[in-house]
Amino acid sequence: MTDASRREASRDASVIVARDANGMVAVLSADFPQHGGEYMFLPGGRRENSETPQACAQRELREEAGVTAASWRPLGSYAITLDSPARIHLFLAEGLTLGPQQLTPTEVGFKLAWLSLPAAVDAAAAGRFLLQGGPLALLLAQQVGARTA
């Protein structure tokens, strides 16, 4: 991988639907004054250095939600914008083990809640999510659940 392609890949991001054995999903919220208030979002973030998308997802879930997962299922990868080669990688994480959040200084204030998957999808449909990756990941995870039910 060239330095330029490594830089571009490091702009990729991962977003995680962490679903526990009861069907509850880890959802974060924080105040975003520049966007007019408090919004929800799923755990996730940008890749660091040479991380794989899944390694990024594992790190972000552990840091932001204090969760590790035994099972990881890719839900797809999508362009973040038309003008960038960066992609957003979506995952369903199950077999969860809970621990303390390990928030970085820029994540202080992230509040963790657990919602049923249908309630999280309803919140996304109501415009309560700020970033586009979360609602898409929730819908894809809901489809996975419908196919396995």
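Colleague: Which strand pairs with β1, in what sense, and over how many bridges?

Modeller: β1 pairs with strand β6 (residues 87–98), parallel, over six bridges. Two strands pair if DSSP finds at least two bridges between them. Strands are DSSP runs of E, at least two residues; helices are H or I, at least four; both are numbered from the N terminus. Alanine 18 has alanine 93 in β6 as its bridge partner.

This is a predicted model: local features need pLDDT of at least 70, side-chain atom pairs count only at pLDDT 80 or more, and totals for chains, interfaces and linings use all residues. Residues are numbered from 1 along each chain as its sequence is written, and side-chain values use heavy atoms, with hydrogens and water left out.

Colleague: How many bridges join strand β5 to β6?

Modeller: Eleven, and β5 (residues 67–79) and β6 run antiparallel. Valine 67 stands opposite leucine 98 in β6.

Colleague: Is glutamate 60 buried or exposed?

Modeller: Buried means under 20% relative accessible area, exposed over 50%, partly exposed in between (1.4 Å probe, protein chains only). Glutamate 60 counts as buried because its relative accessibility is 5%. Glutamate 60 is in helix α2 (residues 53–65). Contact means heavy atoms within 4.5 Å. Leaving out residues up to four places away in sequence, glutamate 60 touches Ile16, Gly44, Gly45, Arg46, Ala65 and Glu107.

Colleague: What is the volume of the largest pocket?

Modeller: Rolling a probe the size of a water molecule over the atoms shows where empty space is left. Here, the largest pocket has a volume of about 460 Å³. A pocket is an open set of points on a 1 Å grid over the protein atoms alone, where a 1.4 Å probe fits, with protein on both sides within 12 Å along at least five of seven lines; lining residues have an atom within 4 Å of a point. Grid points are joined across faces, edges and corners, and the volume is the space filled by probe spheres set on the points.
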